[in-house]
There are 2 protein chains.
Amino acid sequence: MKSSKSSCGVENTLRIVGAKWTLLILHNLCDGKRRFGQLQKALLGISPRTLSLRLHQLEKDGFVTKKIFSEVPLRVEYTLTPKGQSIKSVINTMKKWGLSRE
Amino acid sequence: MKSSKSSCGVENTLRIVGAKWTLLILHNLCDGKRRFGQLQKALLGISPRTLSLRLHQLEKDGFVTKKIFSEVPLRVEYTLTPKGQSIKSVINTMKKWGLSRE
């Protein structure tokens, strides 16, 4: 990501969070930690494979932390890192704009 | 668009401007009117077909106005409508966030 950084902030943002579902996953995590199944339930229409891929990428990019609890059944929780929290400004502006649309 | 409006502002925003290239087209138009060729040149990698489809959708949704000047060669210019201008708040926040990313 760093090496391909563009001088255009909008392009950078889209490269990081522009993939389908990514912003909605982050939006869901804004309210606190979520388990995989909770995210899948909240994001109507997402396939487990896509959710898994997106979460993996977000973890790799440092936006999300995955925590595994060795319980039966296995509990896996995702939370936003401080870097992930920073996207809230973008999400809030989109939320406000989206709600203002007729 | 209206009939499928979601109660979630972020989802609404993504439904309106979430298609690949759409935000970058709007971003380009923020600086003023643009001809088709100018947009194509600015959006490196976009196909004429995709640019045409996106502009058509933006026109249909009331974000962009198309003006045709009967000159030779034909001049076609695109500008943001007041509704289109309102997306600037989203674009500016994305720009700021994108530039703050390392």
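Reader: Before anything else, what counts as a nonpolar core here?
Author: A nonpolar core is a set of buried Ala, Val, Leu, Ile, Met, Phe, Trp, Tyr and Cys residues joined through C-beta atoms within 7 Å. Keep in mind that this is a predicted model.

Reader: OK, and how many residues does the largest nonpolar core have?
Author: That core has 40 residues. A:Leu26 and B:Leu26 have the most contacts inside it.

Reader: So what is B:Leu26 in contact with?
Author: Leaving aside neighbours within four places in sequence, B:Leu26 is in contact with B:Val17, B:Phe63, B:Gly84, B:Ile87 and B:Ile91. B:Leu26 is also one of the buried residues of α2(B).

Reader: Which other residues of α2(B) are buried?
Author: B:Thr22, B:Leu23, B:Leu24, B:Ile25, B:His27 and B:Leu29 are on the list too. Seven of the eight residues of α2(B) are buried, so the helix is largely enclosed by the rest of the structure.

Reader: Switching topic: at what angle do α1(A) and α2(B) pack?
Author: At about 170°, and their axes are 10 Å apart. That makes α1(A) roughly antiparallel to α2(B).

Reader: Which residues make that contact?
Author: From α1(A) come A:Val10, A:Glu11 and A:Leu14, while α2(B) brings B:Leu23, B:Leu24 and B:His27. By class, the contact has four nonpolar, one polar and one charged residues.

Reader: Zooming out, how many residues does each chain put into the contact between A and B?
Author: Chain B gives 25 residues and chain A gives 25 residues. On the side of chain B that touches chain A, α1 (9-17), α2 (22-29) and α6 (88-100) each supply at least two residues.

Reader: How can chain B be laid on chain A?
Author: A turn of 180° with a shift of 0.0 Å along the axis does it, at an RMSD of 0.0 Å. That is the relation of a two-fold axis. The same surface serves both copies, as 100% of the contact residues of chain B recur in chain A.

Definitions and conventions:
Residues numbered from 1 in each chain as written. Chains lettered and ligands numbered in written order. Predicted model: local features only at pLDDT ≥ 70, side-chain atom pairs only at ≥ 80, totals over all residues. Contact = placed C-beta atoms within 7 Å. Helix = DSSP H or I, 4+ residues; strand = E, 2+ residues; numbered from the N terminus. Least-squares fit on C-alpha atoms with pLDDT ≥ 70 in both. Buried ≥ 20, exposed ≤ 12 C-beta atoms within 10 Å, placed from the backbone. Axes fitted to C-alpha atoms, helices over the stretch in contact; angles between N-to-C directions. Parallel < 35°, antiparallel > 145°, perpendicular 65-115°, else oblique. Nonpolar A, V, L, I, M, F, W, Y, C, P; charged D, E, K, R; others polar.
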